[in-house]
Amino acid sequence: MQANPIWPVEKRRPPLERDLKVDVLVIGGGMAGVSCARSLMRAGREVALIERDELGGPATGASSGVLYYGSGTNYLEAVKLFGQQNADSLWLETARVIQEIKDTARDCKIDCGIRSCGSIMVAQNDGQLADVEEEHAGLQKLGLPTRLLSPDALKTSYPLVEFAGGIAFDAVGQVHPARLASAMAEHEGIPVYEKTPSEGWEESADKVMVKTPKARIECTNLVVATNLEPFLGLETHFDTEGSVILASAPTPRVKEAFPEEKILWTMEEKYDIVYPRGDRLILELYQLGDEDEKLRRYFPGIEFVTDQIWGENWSKPRDWIPIAGMVSKRTAVAKGMGDQGIIMSWLSGKKMPGILEGKSDWFTRLTSPQRFFPGGVMPQ
Ligand SMILES: Cc1cc2nc3c(=O)[nH]c(=O)nc-3n(C[C@H](O)[C@H](O)[C@H](O)COP(=O)(O)OP(=O)(O)OC[C@H]3O[C@@H](n4cnc5c(N)ncnc54)[C@H](O)[C@@H]3O)c2cc1C
């Protein structure tokens, strides 16, 4: 089942029908799994990927694909939560990842709707404006390309609504993540088996045996990138959240709302996003309930005829940092990518070859599942 009815993945792959022996098996064909498989292949490992349903998985398929810095919160909040050095490293590294994704899509001529549109975080009142100014000052100090926008300047990008001010993030981009994941798998030649759920595995001293409905897979390492279950003893450290997207029917009035085609998002923890995609207007919310009021608020004077609604869940660790690391001698996870899951999946995938080799750096120390178990003993 494709999560996103408007930008689906067309390429399909056959299921696994006979036993397989491979160096690394990745379970899960969302952005996290594909990113891990891609990096592992590039590091010279022999890889296969199995996906329960279709590549470009539930959350990745539903995603708005906004490519923004960091991990699920504003920079100043991240400094408080993760410490100055980790927050700085995360923001600078994710700035590089945004560029890498844009370059990958361009160099590989991948048809994934990539656009370097830029985005704006808006302050809806004077209280939020003070936070916006502080956030901007922090990002400037870090050397990231941001601009403070007055209410008048904001109107150039979004004339429909008066905001108290905002920050323009000119480097932010957007992609159809499922299409990117599918095209990357194709470009890299990753062997992918769809309609092939893992039914569990057994790890022994020298290998892992994974069971699927029609075949068994033997591998030296296993990477579990299933977003939700199995949680492998980590379930008390996750929340399951979700988002819903409302897409309007095609309308000639898109330019009136978005003359510069920017993405706008509000600065609350559970933010709203509005943006144009082709000839459609889009509203993304954390949940349904007040969508009619929000459509009136964000699109006054424009009739928003809802054509499609879709949504999905993702898992988000309670400390807002994804989980990428070993859970046993031969098994790693790449999970809990949260609401900035496209960037975090890419980055976790990049680190996976090193993780399997036992290498460590600031990111793997931050994302290691061991952080939840101070004694270092994972529940099995
Ligand atoms: C509506 C919406 C909007 C979003 N907007 C953004 C955004 O703008 N920017 C951003 O960065 N992030 C956004 N996100 C979050 C982001 O999309 C997710 O965090 C990210 O896609 C998670 O990727 P994943 O690979 O971990 O999970 P998924 O994409 O869910 O992939 C996991 C895969 O594992 C498979 N699987 C599960 N169990 C098994 C099994 N037993 N055997 C085999 N396969 C299995 C599933 O079928 C699935 O395909 C959004 C999410 C949603 C839902």
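Helix 1 passes helix 10 in a right-handed crossing, where right-handed means that the near helix is turned clockwise from the far one by less than a right angle, and left-handed means anticlockwise. Helices here are DSSP runs of H or I with at least four residues, strands are runs of E with at least two, and both are numbered from the N terminus. The axes of helix 1 and helix 10 come within 8 Å and cross at roughly 40°; such axes are lines fitted to C-alpha atoms, for helices over the stretch in contact, with angles from 0 to 180 degrees between N-to-C directions. The two helices are therefore oblique to each other, given that angles under 35 degrees count as roughly parallel, over 145 as roughly antiparallel, 65 to 115 as roughly perpendicular and the rest as oblique.

Before going on, a word about the model: it is predicted, with local features needing pLDDT of at least 70 and side-chain atom pairs counting only at pLDDT 80 or more, while totals for chains, interfaces and linings use all residues. Residues are numbered from 1 along each chain as its sequence is written, and side-chain values use heavy atoms, with hydrogens and water left out.

Helix 3 (residues 75-82) and helix 4 (residues 84-107) have axes that come within 7 Å and cross at roughly 135°. This pair is therefore oblique, and its crossing is right-handed.

Now turn to the ligand. Around it are 35 residues, the closest being E51, T60, V66, S198 and G338; a residue belongs here if one of its heavy atoms lies within 4 Å of the ligand. Helix 1 (31-42) and helix 10 (341-356) are among the elements that each supply at least two residues of this shell, but the largest share, four residues, comes from helix 2. By type, the shell holds 14 nonpolar residues (Ala, Val, Leu, Ile, Met, Phe, Trp, Tyr, Cys and Pro), 16 polar and five charged (Asp, Glu, Lys and Arg); polar covers the others, Gly among them.

Which backbone atom lies 2.9 Å from a nitrogen atom of the ligand? A polar one of S198. The protein buries 97% of the 1,000 Å² that the ligand exposes when taken alone, by the Shrake-Rupley method with a 1.4 Å probe.

Finally, look at the loop between strand 11 and strand 12, which holds N227 and P230. Phi of N227 is near 65°, and the peptide bond from E229 to P230 is cis, with omega near 0°. Most residues other than glycine have a negative phi, and most peptide bonds are trans.

Terms used: A polar contact is a pair of N or O atoms within 3.5 Å; within protein, one must be able to donate a hydrogen and the other to accept it, and residues adjacent in sequence count only if both atoms are side-chain atoms.
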